[in-house]
Amino acid sequence: MAEDSSRHYENRFPDFANSNSADVINSGTYSLSENFKESLEQNIHTFIRRLNENQQEWVNRNDSSVYTGSSGIAYLFYFYGQRFNEPTYMDRALELMECAGSNKNDKKSITFLTGEAGRLALSALIHHSSGNVEKSHEIITRLKSLYDFSAMYYYEELLYGRAGYLYSLLFVNKNISEGLIDEELIKKVINCILTTGKNYSTSRCLKIPLMYSWHEKEYLGGAHGIAGILYILLQARAYLTEAQLNDEIKPSIDYLITLRFPSKNFPSSIGNKADRLVHWCHGAPSMTMLFTLAFKVFKDEKYLDVAKECGEVVWRRGLLKKGCGICHGTSGNAYTFLNLYQETQDVKYLYRAAKFAEWCFNYEEHQNRIPDRPFSLFEGLGGIVYFFVDLSTPSTAKFPGYTL
């Protein structure tokens with residue numbers, strides 16, 4: 001199937017070479033140049049001001065989710081406040097979380113990105129950082145109580161399903177204190193996810209130990225598909241048995257490799273022959289993160305090779321006409337390069353991330369429509385700023401709501 005070029009702009013940036021990278025890379029240290037860091041920081045502060053100036057556009061939307069709502073802005077303010085040592089933004093993050101409405105009656109309520117679990121996990125972190133440990137622990141108790149609902153949940157994927165709940169639990173242990181979420185609870189959630197995957201694959205007579213469906217399609221990508229589920233499970237590997245890791249998860253990752261297009265991009269779902277989508281929620285970008293982690297865990301170079309090939313897809317086709325957001329835009333695609341830079345220390349990937357950031361400096365010129373939530377963390381300006389802040393310290397950058 002031929003590549004669909006209608007969804008991305010032609011990438012006219014020259015690829016990395018010492019002779020053409022001085023605008024963003026210091027050739028002596030192979031780090032971001034001082035001029036680029038200054039420009040990056042200027043844009044961070046400019047865009048933060050723009051968010052503040054448009055507060056009425058995002059604060060009263062009756063949406064408290066991390067994905068498109070007030071919790072996502074709180075996450076950005078918390079992140080920004082920590083990175084630039086601006087307590088005012090830490091306070092604003094806390095205020096936003098205290099005002100955020102509950103999603104407990106929402107059918108999506110067990111996930112980090114779209115539901116109550118994310119709001120609770122993030123609120124626990126921000127209260128803990130503010131010194132209110134008692135309030136933080138109270139919120140964590142409420143987060144753990146969502147397990148009873150999650151055990152009845154039908155979907156397993158990250159955005160709307162049980163993998164999103166697992167991420168919320170892991171997020172608390174990673175960012176507040178290990179052991180706040182007990183091992184037994186995490187293992188129960190993992191077993192639910194694995195059991196569903198095995199049962200579904202068996203029922204469909206598939207040649208893969210684990211598979212999942214969402215809206216009657218077997219999606220593959222980060223947001224709705226098996227890649228996102230496997231990535232979260234690999235990040236929870238301390239709670240997995242050797243058999244679960246080697247007999248269920250590893251063969252499932254191997255099977256994904258066989259589904260690639262000739263371009264080395266991935267279909268959005270099994271049986272979909274259209275080589276169209278190159279963004280985090282569907283396609284190569286989220287696969288990069290899965291395969292770099294698979295390389296770390298299983299020590300097999302083939303996984304790193306797949307991740308690098310995904311990086312080439314994103315470099316060619318990652319400047320998206322849909323915009324510069326994190327979920328399905330250019331800034332989200334740039335995390336591909338930050339991920340590969342962290343794994344390989346190859347400055348080529350840092351250069352590529354910086355060039356994608358340059359593209360996002362003029363984000364309003366590089367989109368063919370305005371997002372539904374133009375200031376949100378995952379669809380709009382909030383995510384662009386989050387990426388810029390992450391890029392300022394590239395060795396620690398983590399795709400929000402996906403990488404712990």
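Is Arg 12 buried or exposed? Arg 12 counts as exposed, at 72% relative accessibility; here, exposed means over 50% relative accessible area, buried under 20%, and partly exposed in between (1.4 Å probe, protein chains only).

A few notes before the close-ups. This is a predicted model, where local features need pLDDT of at least 70 and side-chain atom pairs count only at pLDDT 80 or more, while totals for chains, interfaces and linings use all residues. Residues are numbered from 1 along each chain as its sequence is written, and side-chain values use heavy atoms, with hydrogens and water left out.

**View 1. Arg 12 pairs up with Glu 10.** Their side chains form a salt bridge at 3.5 Å, N to O (that is, a side-chain nitrogen of Lys or Arg within 4 Å of a carboxyl oxygen of Asp or Glu). Glu 10 is exposed too, with a relative accessible area of 56%.

**View 2. Asp 254 meets Lys 250.** This salt bridge spans 3.5 Å, N to O. Both residues sit in helix α11 (residues 242-257), 4 residues apart, so about one helical turn separates them; helices are DSSP runs (H or I, at least four residues), numbered from the N terminus. Lys 250 is partly exposed, at 22% relative accessibility.

**View 3. Lys 355 bridges to Glu 358.** The closest N and O atoms of this salt bridge are 2.9 Å apart. In helix α15 (residues 347-361), the two are 3 residues apart, or about one helical turn. Lys 355 is buried at 5% relative accessible area, whereas Glu 358 is partly exposed at 22%.

**View 4. Four residues join in a network.** Salt bridges link Asp 15, Glu 312, Lys 348 and Arg 352. Across the whole structure, a search finds 19 salt bridges.
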